[in-house]
Amino acid sequence: MFCGKHNAREGPVIQFLNVKPNDQFTYSIVLIRGQIINYNHRMGVTHLQIDNENITSCIESAEITTDGKFKVAVELAPGMNHLTFQFCCVTNAIALVFNQRKNPHYLLRIFYIICQNHDGHFQTKNNADNSIECACEKINLAIRMVQCLYAEMMTKNGFARKTFEFVKCVPFYSSLSIAEARQWDQNQLWKHHAKEILAQENDTQHRYKYFGILASTLCENGTIKGNTALGCGDVALFGSGTMHAWPMKFAEIQRCFQDDTLVDGKLLMNDSNGRNSIGGCYATALGSLTHEIGHIFDLGHSRDGVMGNDIDYVNRMFTIEKNPRDLPRRQISKCSNNLKQDISTGGITNNRRLTTIKKSNPILANYHCRRNDDLTFLTENCAIMLNAHKWFNQTDETETSSSSIQYDSKRKIIESMLPLALVEIRSKESGMCMQYYRFDVCSATSAAVADPFNFTIAGNVIEQNYDLIAIDKNGHIMKWSS
Ligand SMILES: [Zn+2]
Ligand SMILES: [Zn+2]
């Protein structure tokens, strides 16, 4: 029976758009999108309530758009979760299952990096908690959001909800003094910290990639020191400058995204692409984390999406934006060549490349026209890469690596023992994907499905200087640089 607010024959119905009953998740923060059929916002009920009976005191509220759509992040407890969605006088229940991957072999390790002669407190508003414990909590929550983002972005490309697994954040005590850290530029910081992390970890099995947040970041009268946002090789680093804006608990996420409180850029770091708000800083931080972590999962740059210019709109994925506005377009650029020197990683030397995102001149800025889209997505090549990637799959530890991918650069032929999943040609200059080939269906450039064992790159697509990356279906990667 419907209440007096609805037409007796055509009452509201709650529908889920991206989840089905008993869907399985390997991560605990899950995005649910849905719509209310026969919704009429003039009836005055503009929110629905979500209750997960497996997590006590978790009653959430989600705003409904005028056309009846909603989206909300929910937290799942291990095992089966029974969620009830209530809108006005109607309810719809759904069961979702959260089972973490069992003994994942490949993991992302998270460090909160503390320099010498520093107490590890990050910069924040007066009296707010900025302890090391608080930092680790905030970082863990942010990484769980990034896990969810990757899984959801994979589904936008038609893949299963795959994502990485991580080890909870712990402090990492650096040999670098805080005084030096605050004088160094981001490349110097990345080099030093990446080197000491890889040396300490001595990960001879190559099971780990590393994400570090620098406690050293400081905003002094609008000048940012001890900061970096770089992902390269196996190590991504990010400054703690906007951590003042990040939530510590799941229940605070939605409020944080919608928090319009102004950030005084003289006192605290304000990296929000012109929004100057707490919510803007949080959205940009999550987008940047996603971007830099993407690099250590071997993604290059794309024209748009999170590996391109669109790193500021993560809030649109999780909440309804009250006053959506177009932000100045960012420009991705390569920041440095001087990191090309190899860093020894227990006998393995990797050619590490550094990239960064830089704001474009606002006067020349283009504006996004796809207003209604949340703009947070992976381009097809990035999704194909991650779908095969070892960190995104339950890879068997005992798998003997009897695979190889060879590139004959003279004849432009790639030979692989296992079927190739993706071949990408990137500009050496910007790390931008110039051309890619997939092997399951026809590429845009050819009429036939390419041979996944023996592939020849057409001569006209290669510039003089290029990087080549190929991944096979089991996630073995070959990189080649001209
Ligand atoms: Zn009703
Ligand atoms: Zn980048």
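How many residues sit between β25 and β26 in their hairpin, and which residue in the turn has a positive phi? The legends below take that up first, then move on to other spots in this predicted model.

**View 1. The β25–β26 hairpin and its turn.** Four residues lie between the two strands of this hairpin, and Gly 475 is the turn residue with a positive phi, at about 90°. The strands, β25 (466-472) and β26 (477-481), run antiparallel to each other and are paired over five bridges. To get your bearings, look for Leu 468, which faces Trp 480 in β26.

View 2. Setting aside residues within four places in sequence, Asn 474 makes contact with Ser 403 and Leu 418.

**View 3. Val 263, in the loop between α4 and α5.** Now jump to the stretch between α4 (253-257) and α5 (278-296), where Val 263 sits in the loop. Val 263 has 24 other C-beta atoms within 10 Å, and because 20 or more is the cut-off, Val 263 counts as buried. Which residues does it touch, once neighbours within four places in sequence are left out? The contacts are Ala 245, Leu 268, Asn 270, Ser 272, Asn 276, Ser 277, Ile 278 and Cys 281. Gly 279 is 16 residues away in sequence from Val 263, with 9.7 Å between the C-alpha atoms.

**View 4. Tyr 112 in the largest nonpolar core.** This core has 124 residues, and Tyr 112 and Tyr 282 are the ones that touch the most other members. Helix α1 (residues 132-156) is the biggest contributor, supplying 14 residues. In soluble globular proteins, nonpolar side chains tend to be buried together. Around Tyr 112, beyond four places in sequence, the residues touched include Ile 132, Ala 135, Cys 136 and Ile 139. Also on that list are Cys 169, Pro 171, Phe 172, Ile 213 and Ala 215.

**View 5. Residues 333-372, where pLDDT stays under 50.** Across this stretch pLDDT remains under 50, and the model has 72 contacts for it beyond four places in sequence. For the protein chain, the average pLDDT is 86, and 86% of the residues score at least 70.

Conventions. Residues numbered from 1 in each chain as written. Chains lettered and ligands numbered in written order. Predicted model: local features only at pLDDT ≥ 70, side-chain atom pairs only at ≥ 80, totals over all residues. Buried ≥ 20, exposed ≤ 12 C-beta atoms within 10 Å, placed from the backbone. Contact = placed C-beta atoms within 7 Å. Pairing = 2+ DSSP bridges. Core = buried A, V, L, I, M, F, W, Y, C linked by C-beta atoms within 7 Å. pLDDT = per-residue confidence, 0-100.
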